[in-house]
Amino acid sequence: MSDSRTNPAGLSINDVDTAALLAAKAEVTKAYQEFKDRGLQLDLTRGKPSAEQLDFSTELLSLPGEDFRSPSGVDTRNYGGGEGIAEIRQLWSEVLGVDPELTIAADASSLNIQFDLINWSYTFGNNDSQRPWSAEQGPLKWICPVPGYDRHHSITELFGFEMVTVPMTDQGPDMDAVRELVKDPAVKGMWAVPMFSNPTGVTFSREIAQELASMETAAPDFRVMWDNAYAVHTLTSEFPEIINVLDLAAEAGNPNRFWALSSTSKITFAGAGVAFFTSSKENLDWYNRIANVRGIGPNKVNQLAHYQFFKDVEGVRAQMRKHAGSLAPKFDRVIEILERRLGDFGVARWTTPEGGYFISVDVVDGTAARVVELAKQAGVALTAAGSTYPLKQDPNDRNLRLAPSMPDIEQVELAMDGFATCVLLAAIEAAEAAAENAE
């Protein structure tokens, strides 16, 4: 079975062994009806940690205990300290391999910071802007590698950007397409999930990162939103190299190119972790000037608790090994069921990620929405077809994102067996329609 990351051309019903597919119609239809009759309620829609994973961080709820002072003497209960406490900044900078002086520790959500960065550039202009983005002539544009993260697309959609798609390869975004697009001064930025990308699981190569850092852009205030949400989210015992894109950009003469984000949201408690913003000093100074008007400092008590919980880089990795132990068997079962149920028919391609929270599946062109509909009727909730594309419009109606993290493994097995049946049934319907049209 080929990997959809290396075959972006899609899958036409004409590429499928339709004779074998149609011969299985009675069996597939019977299996689907039996699945519906079970009255299940299963959810594979979003990459939420399971209760088991959340239990790994229960100790956090008793921290920081009675001493609220950080080792450097900060009373974390009080106002101030907009950059976050030194200890958590140092620890996380060691995790990422960056300069702690170029890292801000904030509140729980890195997505909130990403929203602010675009909002403030749109309202005020950023430190390389000649004017606020809202005052630019003509529509603004933003590069969106696809399949991609729906919440990213929602931000640029809200601000009215024209979202221009480029395909993902197994090394990262198609750089020939990216280099051509950034010749347009209306192109202000690009979304990027560089490690274990959502939803494909792709990790950007060093060569891709170097090209993004060094390429010429017509807009002097062009930014790459480097959302390193899954930097340590391995499904194996290995932790891949985290590329220091700030150094690459500085060496290339574009020190302000990257806005880099990360957080502990899927490491400790979702919505109650610590988010981090890493960028050039000039970018951070611009950010802080506005952030210090917006608020009077982050939740430093929570930052201290996280520092005490992790203790050091090895503490972070130990926590992630626990997560891998919970997640990897579920991912293995998804891949095994896809291969066993769909491999012989050639009606789908899927990724086999080594980290992150998602598996990307390409089904026969024109059938993704039908698969979601069939699954819903059978009690399996899937992320809506098109969700991995801007405006939720997949032009080929082919891509689906699976999120096996939250259900227990027995539920994952049930849901995936039903999912495979829905993929087959939708492909059978497409084959029959194609045969009718050919007559």
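Trainee: Which residues does serine 70 touch, not counting those up to four places away in sequence?
Mentor: In this predicted model, serine 70 touches Thr76, Glu87 and Leu304, with residues up to four places away in sequence not counted.

Trainee: And where is the place of serine 70?
Mentor: Serine 70 is in the loop between α3 (51-55) and α4 (86-96).

Trainee: Why does serine 70 count as buried?
Mentor: Serine 70 counts as buried because its relative accessibility is 4%, and buried means under 20%.

Trainee: New topic: what volume does the largest pocket have?
Mentor: Its volume is about 560 Å³. The pocket is lined by 23 residues, of which Leu111, Tyr149, Arg151, Ser265 and Lys266 are the closest to its centre.

Trainee: Which helix gives the most to that lining?
Mentor: Helix α5 (residues 110-124) gives the most, with 3 residues.

Trainee: What does the lining have by class?
Mentor: There are 8 nonpolar, 9 polar and 6 charged residues in the lining of the largest pocket.

Trainee: How many residues has the largest nonpolar core?
Mentor: That core has 56 residues. Among those with the most contacts inside it are Leu21, Leu382 and Phe419. Helix α14 (residues 409-438) gives the most to this core, with 14 residues. Apart from this core lies another, of 27 residues, including Met168 and Ala260.

Trainee: What is leucine 382 in contact with, leaving aside its neighbours within four places in sequence?
Mentor: Leucine 382 is then in contact with Leu44, Thr45, Val371, Val372, Ala375, Leu402 and Phe419.

Definitions and conventions
Residues numbered from 1 in each chain as written. Predicted model: local features only at pLDDT ≥ 70, side-chain atom pairs only at ≥ 80, totals over all residues. Heavy atoms only, no water. Helix = DSSP H or I, 4+ residues; strand = E, 2+ residues; numbered from the N terminus. Buried < 20%, exposed > 50% of the residue type's maximum accessible area, 1.4 Å probe, protein only. Contact = heavy atoms within 4.5 Å. 1 Å grid on protein atoms, 1.4 Å probe; cavity = no way out; pocket = protein on both sides within 12 Å on 5 of 7 lines; lining within 4 Å. Points joined across faces, edges and corners; volume = space filled by probe spheres on them. Nonpolar A, V, L, I, M, F, W, Y, C, P; charged D, E, K, R; others polar. Core = buried A, V, L, I, M, F, W, Y, C linked by side-chain atoms within 4.5 Å.
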